[in-house]
Amino acid sequence: MVKIIFIALWSLISLFADESNAVKAMKLAQKGERIVKVICEQSTLPHAAGNIETIEKEILSSGSCKHLSPDKLEAVAYYLQQGSIKENSQHLAVPDDAKCPVCGMFVSKYPKWAAMMKHDGKVYYFDGVKDMMKYYIFDGDFPYDRSHISEMVVSDYYTIDEIPAKEAFYVLDADVFGPMGHELIAFKDKKSAQTFMAEHHGKKIVRFGEITGKMLMALDGIVQ
């Protein structure tokens, strides 16, 4: 019982920390956008991939922005990673009242983790890849015709951009928790997934077709 309570508390702490980090990232990206427009040579800015520290090194190497303080360098790095928060239309738009059909949580609170499925003209939103894959794999619990699925989308952990679920790279069981605990964390490219896995002790990188029911149950601590 003590172990279960500890895990639950740790998940809540991680969740609140993640939301706080998301707000920080948004504010820094907005600040970085202003800096780039004023003092940087935009045509020579590096293509952003990976974590903030990696992007900072690439900015310095490019020489695109002169005399950046550490705070301004960090802001520019977040802007290159996140893009223009105001103008970016590639983020998954989740209605405020949308609830995950697996766990019942409001999905719009967790944009970094949001996933979506279209089936027979109806749209379903999920608060993480794990729950979406449960809805997809566990046909005994969720009976419907899988051949009628027209679209499945997940959110890139770093940029929050939409990614077709079958094109994403997923880091399995890292030390970063989603709204429902251990997760399959999505990335648009393998390099970003590898960087994240190395920093957060992920077990492996998997593709959509490699995700199994046993893997999902193990994320919830259920070993078959």
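This is a predicted model: local features need pLDDT of at least 70, side-chain atom pairs count only at pLDDT 80 or more; totals for chains, interfaces and linings use all residues.
1. Main core. The largest nonpolar core holds 37 residues. Met132, Val154, Tyr170 and Leu184 touch the most other members. Two helices, α4 (129-137) and α6 (213-219), each give two or more residues to this core. So do the strands β1 (115-119), β2 (122-126), β3 (149-155), β5 (169-172) and β6 (184-187).

2. Another core lies apart from the largest one. It has 18 residues, including Ile52, Cys65, Leu68 and Val76.

3. Tyr170. Beyond four places in sequence, Tyr170 touches Val129, Val154, Ala165 and Ile211, among others. Its partners also include Leu184, Ile185 and Ala186. A further run of partners is Lys204, Ile205, Val206, Arg207 and Phe208.

4. Thr159. Is this loop residue, Thr159, buried or exposed? Thr159 sits between β3 and β4 (162-164). Its relative accessible area is 10%, which is under the 20% cut-off, so Thr159 counts as buried. Leaving aside neighbours within four places in sequence, Thr159 contacts Gln81, Gln82, His91 and Lys188.

5. Cavity. The whole structure has one cavity of 30 Å³ or more. β6 gives the largest share, three residues. β3 also supplies at least two.

6. Cavity and core. Val154 and Leu184 line the largest cavity. Both are also among the residues that touch the most other members of the largest core. Val129, Ile185 and Ala186 line the cavity too, and Tyr170 touches each of these three. Other lining residues include Lys112, Trp113 and Tyr157.

Technical notes: Residues are numbered from 1 along each chain as its sequence is written. Side-chain values use heavy atoms; hydrogens and water are left out. A nonpolar core is a set of buried Ala, Val, Leu, Ile, Met, Phe, Trp, Tyr and Cys residues joined through side-chain atoms within 4.5 Å. Buried means under 20% relative accessible area, exposed over 50%, partly exposed in between (1.4 Å probe, protein chains only). Helices (H or I, at least four residues) and strands (E, at least two) are DSSP runs, numbered from the N terminus. Contact means heavy atoms within 4.5 Å. On a 1 Å grid over the protein atoms alone, a cavity is a set of points where a 1.4 Å probe fits but cannot get out, and a pocket is an open set with protein on both sides within 12 Å along at least five of seven lines; lining residues have an atom within 4 Å of a point. Grid points are joined across faces, edges and corners, and a volume is the space filled by probe spheres set on the points.
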